[in-house]
Amino acid sequence: STLEPSLYTVKAVFILDNDGNRLLSKYYDKELYPSMKEQKNFEKNVFNKTHKADTDEIAFVEGMTIVYKCSIDLFFYVVGSSQENELMLMAVLNCLFESLGQILRKNVERRCLLDNLDGVFLVVDEIIDGGVILESDPQQVIQKVNYRVRHLQSQAVSTVWMNTDSDMSTILEDTDDYRKL
Amino acid sequence: MSLFVEQICQLLGSGSNPFQHLEKSAVLQEARIFNETPINPRRCLHILTKIIYLLNQGEHFGTMEATEAFFAMTRLFQSNDQTLRRMCYLTIKEMANISEDVIIVTSSLTKDMTGKEDVYRGPAIRALCRITDTTMLQAIERYMKQAIVDKVPSVSSSALVSSLHMVKMSYDVVKRWVNEAQEAASSDNIMVQYHALGLLYHLRKNDRLAVSKMLNKFTKSGLKSPFAYCMLIRIASKLLEETEAGHDSPLFDFIESCLRNKHEMVVYEAASAIVHMPNCTARELAPAVSVLQLFCSSPKAALRYAAVRTLNKVAMKHPSAVTACNLDLENLITDSNRSIATLAITTLLKTGSESSVDRLMKQISSFVSEISDEFKVVVVQAISALCQKYPRKHSVMMNFLSNMLRDDGGFEYKRAIVDCIISIIEENPESKETGLAHLCEFIEDCEHTVLATKILHLLGKEGPRTPSPSKYIRFIFNRVVLESEAVRAAAVSALAKFGAQNDDLLPSVLVLMQRCMMDSDDEVRDRATFYMNVLQQKQKALNAAYIFNGLSVSVPGLEKSLHQYTLEPTEKPFDMKSVPLANTPITEQKTEFAPVATSKLPEKPGPTRQDIYQEQLAAIPEFQGLGSLFKTSEAVQLTEAETEYVVRCVKHTFARHMVFQFDCTNTLNDQLLQKVMVQMEPSEAYEVLHYVPAANLPYSQPGSCYSLVRLPEDDPTAVSCTFSCTLKYLVKDCDPNTGEPDDDGYDDEYVLEDLEVTVADHIQKVLKPNFAAAWDEVGDDFEKEETFALASVRTLDEAVGNIISFLGMQPCERSDKVPENKNSHILFLAGVFRGGHDVLVRSRLALADGVTMQVTVRSSDETVVDIILASVG
């Protein structure tokens with residue numbers, strides 16, 4: 001059977017940390033995993049099958065094609081049907097990854113992502129709308145979101161500390177944020 | 001300092017996720033600052049982020065609290081902070097379904113959508129459409145039309161995509177925007193092109209002519225967007241498939257030309273489309289295969305994966321077309337991505353020669369432990385296909401499978417292996433004992449009840465017929481001691497079969513049965529008691545009827561009949577023959593490789609096709625009192641394809657009647673047919689009792705009419721008959737656009753092809769797992785035998801196929817498979833004749849110039865025997 005021509009390409013997108021916890025996740029096909037429990041099970045399953053092979057970039061889980069990318073302590077996933085054009089899914093993943101790389105000034109790691117979670121939500125919203133690929137060019141996404149990154153000074157401090165004592169650097173970074181809140 | 005340490009401890013305790021221990025109530029409390037003046041954008045932004053984060057984590061918001069937060073949020077529209085406004089849009093979308101009265105933001109969003117700030121307009125449209133219903137949509141229709149053709153791409157794209165989302169709900173409104181979408185499709189922006197094309201197709205997809213025109217236009221205009229190209233390719237291949245156009249069509253040329261597109265995405269889409277087309281010749285496939293071959297050595301894993309997955313698909317139908325890629329595929333076996341390696345190897349298994357099998361199997365075993373269960377299943381399926389192709393390799397495969405069976409793995413994986421071993425056993429009698437031994441070993445430590453019971457069933461069926469049946473008893477009885485109720489019950493049934501077939505084992509089986517009668521579970525005890533009593537009689541007929549070949553009735557049917565029986569108190573005992581028979585399951589469905597979506601649904605036996613028909617027919621008053629539906633035939637086409645009216649017939653056989661169901665489709669959009677019926681003229685003494693017409697048959701909506709026919713009672717041997725059929729109806733011309741019919745109509749008719757009723761319509765297939773036992777059970781009271789010469793038949797295979805389809809009976813003991821290079825063969829067929837008489841056929845075939853066939857028929861009724869022999873002659 002050939003694929004029904006449709007703009008609904010992306011079934012789901014999610015970002016997990018390196019323990020497999022959900023940081024952000026959107027399911028566009030309501031029939032795929034209707035309940036939160038099923039969604040989280042699926043994410044767990046996907047994570048277990050991919051986090052060790054973090055350079056593989058593509059996998060097949062529960063009858064779905066998954067393209068993914070890993071950066072430091074983050075995992076990015078884009079899900080499509082088993083008959084979907086893998087390169088289209090890849091275009092979405094690359095756009096997401098590069099856009100986040102730019103708004104987070106290359107600090108694509110969990111802490112920085114969480115500090116700028118609003119920007120991350122907005123980026124995802126500009127790339128996919130209800131499962132339709134809205135934009136695939138990271139430059140366009142950045143322009144539309146027009147987001148200014150926060151908390152980067154702590155990163156700068158932590159880089160300095162990293163050279164001397166890495167434990168202390170995390171502590172400092174955290175307190176810095178804590179005071180701001 | 002101590003305070004500092006305390007803070008650090010708190011922070012470390014909560015990890016470094018600032019959102020981890022958020023309390024919903026605390027966050028909602030914080031949301032009160034939305035009402036403070038002046039608005040603090042930064043703090044509000046943070047709170048909105050927390051709310052969206054909580055929703056995203058699956059936190060439940062009550063309607064009250066959600067509505068309260070939503071209303072507070074609306075105040076934030078007063079701020080001009082860009083990010084804050086964008087987060088408001090997101091909140092609106094996220095809360096659209098949980099908060100009440102979300103439409104209060106309509107005017108704010110409409111203002112943003114038509115305002116000067118371009119960054120707001122697109123997102124505002126998308127948020128607005130999320131909360132809009134059909135009536136409100138008409139109010140903003142003017143803005144939507146303007147937005148679709150807006151020169152700012154993000155505005156146009158947002159409007160197009162939102163329109164697409166709304167098609168499902170408000171088709172009639174959105175379809176009025178076709179002209180705007182058409183204009184947007186010629187935009188320079190690639191995403192706008194893509195979105196416009198998607199919307200246009202969605203609005204026109206039921207109008208083949210419009211789709212065809214649209215394709216014609218866009219394939220010539222040269223779109224820039226690779227996404228739009230992929231979409232065009234899909235539309236084109238769907239149209240090709242629907243119209244069954246030949247591959248000389250310009251659409252095919254278009255798809256082929258996309259193989260030379262500069263975007264890999266488009267090239268791959270085109271190759272994949274060609275590969276998936278039905279009836280592609282090897283020559284037409286070649287260019288697609290060669291681009292896929294190139295992709296096999298791409299540095300991008302996704303592209304390699306896509307290529308090898310598609311080649312795998314080609315290999316299923318045209319293995320020879322892929323052999324050119326064997327070298328590339330062999331390189332992929334060592335790919336670091338195990339999914340790619342697995343697909344490569346399974347493709348090679350399909351294309352490789354018999355001599356490469358051993359080498360490939362060795363390579364698979366080197367990495368099988370590293371791949372996911374999904375792919376392990378794929379590997380097993382490939383091996384299973386290979387076993388059918390090269391039966392001589394069964395010992396290598398069996399060995400391999402038994403090793404896989406010992407490894408860790410989930411249920412789907414184990415089931416695939418067990419199924420594969422079982423099919424090898426059935427195809428290759430010489431592998432039976434090794435296979436059974438592996439399965440025995442497996443159930444010694446098997447956590448899956450379903451598999452254990454399946455294997456026990458197989459042991460019961462095959463074990464007693466092996467040279468040394470006694471060795472299986474130990475494995476089976478171990479289950480009785482160690483396992484759960486379901487497995488123990490299955491083990492008891494298996495034991496009984498050994499006792500029934502092997503006289504020397506009977507005393508020991510009886511002893512074991514005795515022990516099972518003390519079981520703690522009542523099902524196990526019941527079975528043991530039942531079998532104990534049957535076995536003690538030592539009668540072959542009883543064994544055959546109650547141990548080897550169980551009930552052949554449909555279970556839902558039995559349930560219904562019993563329920564009916566209890567409703568009407570009667571002295572008469574319940575008649576088993578009144579229960580509809582189970583349709584024998586089609587022995588195996590060829591598992592197609594997708595990679596297959598592993599079914600998430602539990603395997604529950606749903607109602608069969610016949611059960612559904614039974615329900616439908618029972619609802620028609622004219623068909624009351626016909627008794628239970630005995631058999632439903634496959635549909636027979638009574639018209640050519642592509643005619644004005646399409647009619648197919650399904651024949652329903654009852655004990656003394658037949659109902660013919662005519663499924664009709666009217667393919668003329670300017671006609672409404674009424675009072676549609678099929679008039680039937682029988683060639684024999686069949687009597688048409690009733691016609692049940694279809695009242696209305698509008699354009700393209702299938703409808704059914706029926707004829708009820710009485711079978712000739714005085715001549716039970718008149719089982720075949722030819723009906724000449726004519727479709728009769730009242731035509732009303734109507735407006736093709738609105739479907740509005742004229743008041744007046746005229747009668748007309750349309751001649752259909754003849755309909756045949758044959759002996760097969762009177763026989764229901766029944767599988768007898770143990771044919772010999774059934775043969776003895778029916779006995780030779782009414783046995784008859786005759787010899788025929790089939791002069792026109794050239795091979796045994798052909799003869800077997802002909803007999804099965806002619807009699808419509810169930811082949812047993814896998815006798816429908818003729819071993820290679822044999823000059824003689826015996827075919828065993830079983831069925832039940834209309835009225836409930838068992839009928840068995842043994843057909844000895846010998847190949848000389850033509851095929852000589854000796855047919856022996858047994859039944860519990862003499863007439864049935866005569867009918868079968870008469871119809872064969």
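User: Which residues is B:Gln193 in contact with, leaving aside its neighbours within four places in sequence?

Analyst: In this predicted model, B:Gln193 is in contact with B:Ala185, B:Ser187, B:Leu223, B:Lys224 and B:Ser225. B:Gln193 itself is found in helix α13 of chain B.

User: Does B:Gln193 count as buried or exposed, and what makes it so?

Analyst: The relative accessibility of B:Gln193 is 6%. Buried means under 20%, so B:Gln193 counts as buried.

User: Why is α13(B) called roughly antiparallel to α14(B)?

Analyst: The axes of α13 (residues 190-204) and α14 (residues 208-221), both of chain B, cross at roughly 160° and come within 9 Å. Angles over 145 degrees count as roughly antiparallel, and therefore α13(B) is roughly antiparallel to α14(B). The crossing is left-handed.

User: Which residues meet where α13(B) passes α14(B)?

Analyst: From α13(B) come B:Leu197, B:Leu200, B:Tyr201 and B:Arg204. They meet B:Ala210, B:Val211, B:Met214 and B:Phe218 of α14(B).

User: How many residues of each class does the contact of α13(B) with α14(B) have?

Analyst: The contact has 7 nonpolar residues, 1 charged residue and no polar ones. Arg counts as charged and Tyr as nonpolar.

User: Why can residues a few places apart in an α-helix point the same way?

Analyst: An α-helix has 3.6 residues a turn, so residues three or four places apart point the same way.

User: Which residues of helix α36 of chain B are buried, and what covers them?

Analyst: In α36(B), residues 771-778, the buried ones are B:Phe771, B:Ala773, B:Ala774, B:Trp775 and B:Val778. The cover includes the chain B elements α33 (540-548), β15 (824-833), β16 (837-847) and β17 (851-859).

User: What share of chain A counts as buried?

Analyst: Of its 181 residues, 64% count as buried. Among contacts in chain A between residues at least 6 apart in sequence, 54% join residues at least 24 apart.

Technical notes. Residues numbered from 1 in each chain as written. Chains lettered and ligands numbered in written order. Predicted model: local features only at pLDDT ≥ 70, side-chain atom pairs only at ≥ 80, totals over all residues. Heavy atoms only, no water. Axes fitted to C-alpha atoms, helices over the stretch in contact; angles between N-to-C directions. Helix = DSSP H or I, 4+ residues; strand = E, 2+ residues; numbered from the N terminus. Parallel < 35°, antiparallel > 145°, perpendicular 65-115°, else oblique. Left-handed = near helix turned anticlockwise from the far one by under 90°. Contact = heavy atoms within 4.5 Å. Buried < 20%, exposed > 50% of the residue type's maximum accessible area, 1.4 Å probe, protein only.
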